[in-house]
Amino acid sequence: MKEGPDISQIGALIGDPARANMLTALMGGQALTATELAGAAGVTLQTASSHLAKLEAGGLVAQRKQGRHRYFGLADDDVGALLEGIMGFAANRGLLRTRPGPKDPALRRARVCYNHLAGDFGVRMLDRMVADGDVTLDGDDAELTASGEARVAALGIDVPTLRAQRRPVCRTCLDWSERRSHLAGSLGEALLARFIADGWAKREKDSRAIRFTAEGERKFTALFP
């Protein structure tokens, strides 16, 4: 049967080890240069440029220019959700590229998933918001309620501005380490940005891990017990 979406093209793009390493590096949410991505993939700059051209043509990455430099990032939230889902599928079947190292517990505890909070902290946050009636779930769909809007507004998040964006305010993203959903969408991004701006947490250098301070963890736990 040759009708419907062609998943083989996406599979081929992600399935190449070098391109998979590049996409994983971009899951940190930071825009990277071709040179940086070549290092992440372990290939030459010329080879990396060829891979990036294919990823861009396939709609998985997008580039922007700043001065003489070009930076690459994931094309949108859908790509991040797709990659996180594949990571969960692979981890659930024991398909791990390396044995867990020192950073593994930190990544499982709290990490950035493209632009929002993932790991135990991310799942706990969504669980509490659902339990408190701040977010309602319908399958994979999520919606912020009036009480939820008041809750995040108290943190200084302008929900009307989020609603004016073309992106969903709330969406679920399957967490690869917890095997359950965490909060994505523009609200998930805004909440992580707020935690970092307020000094509750910071990103570890050269890692996707998010490190909460003792005071930040206390405040987070009080907000999402």
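# Legends for close-up views of a predicted model

**View 1. The end of helix 10 and the residue after it.** Glycine 199, which follows helix 10, has a positive phi, near 80°. The structure shown here and in the other views is a predicted model. Helix 10 covers residues 185-197, and its 13 residues, at 1.5 Å each, should span 18 Å. Which residues of helix 10 are buried? They are Gly185, Ser186, Leu187, Gly188, Ala190, Leu191, Leu192 and Phe195.

**View 2. The chain as a whole, for orientation.** The chain has 11 helices and 10 strands. Its radius of gyration is 18 Å, close to the 17 Å that the globule rule gives for 225 residues, so the chain is as compact as a globular protein of that length. The C-alpha trace spans about 50 × 45 × 45 Å along its principal axes. Of the 225 residues, 41% count as buried. The chain exposes about 12,200 Å², and 53% of this area is supplied by carbon and sulfur atoms. Contacts between residues at least 6 apart in sequence were also sorted by separation: 58% of them join residues at least 24 apart.

View 3. Glutamate 84 belongs to helix 5, which covers residues 77-92. Is this glutamate 84 buried or exposed? Its relative accessible area is 0%, so glutamate 84 is buried. Leaving aside residues up to four places away in sequence, glutamate 84 touches Met27, Arg111, Cys113, Ala118, Cys173, Leu174, Asp175, Trp176, His182 and Arg208. Cysteine 170 is 86 residues from glutamate 84 along the chain, and the C-alpha atoms of the two are separated by 16 Å.

View 4. How many disulfides does the structure hold? The number is 0. Cysteine 113 takes part in no disulfide, and the nearest cysteine sulfur to its own, that of cysteine 173, lies 4.0 Å away. A pair of cysteine sulfur atoms has to be within 2.5 Å to count as a disulfide. Cysteine 113 has 0% relative accessibility and therefore counts as buried. Cysteine 170 is in no disulfide either; its nearest cysteine sulfur also belongs to cysteine 173, at 13 Å. Cysteine 170 counts as buried because its relative accessibility is 7%.

View 5. Strand 1 (residues 61-66) and strand 2 (residues 69-74) run antiparallel and are joined by 6 bridges. Alanine 62 stands opposite glycine 73 of strand 2. Glutamine 63 faces phenylalanine 72, also a residue of strand 2. How many residues lie between the strands of this hairpin? There are 2 residues between them, and glycine 67 takes a positive phi in the hairpin, near 65°.

**View 6. Tyrosine 114 in a loop.** Tyrosine 114 sits in the loop between strand 3 (111-113) and strand 4 (116-118). Its phi is near 65°, which is a positive value in a residue other than glycine. With a relative accessible area of 15%, tyrosine 114 is buried.

**View 7. Alanine 57 in helix 4.** Alanine 57 is part of helix 4, which covers residues 45-57. Is alanine 57 buried or exposed? Alanine 57 counts as exposed because its relative accessibility is 71%. Alanine 31 is 26 residues from alanine 57 in sequence, and from C-alpha to C-alpha the two are 18 Å apart in space.

Technical notes. Residues are numbered from 1 along each chain as its sequence is written. This is a predicted model: local features need pLDDT of at least 70, side-chain atom pairs count only at pLDDT 80 or more; totals for chains, interfaces and linings use all residues. Side-chain values use heavy atoms; hydrogens and water are left out. Helices (H or I, at least four residues) and strands (E, at least two) are DSSP runs, numbered from the N terminus. Buried means under 20% relative accessible area, exposed over 50%, partly exposed in between (1.4 Å probe, protein chains only). Contact means heavy atoms within 4.5 Å. Two strands pair if DSSP finds at least two bridges between them. The radius of gyration is taken over C-alpha atoms; the globule rule is 2.2 Å times the number of residues to the power 0.38. Accessible areas come from the Shrake-Rupley method with a 1.4 Å probe; for residues, only the protein chains shown count as cover. The expected span of a helix is 1.5 Å times one less than its number of residues.
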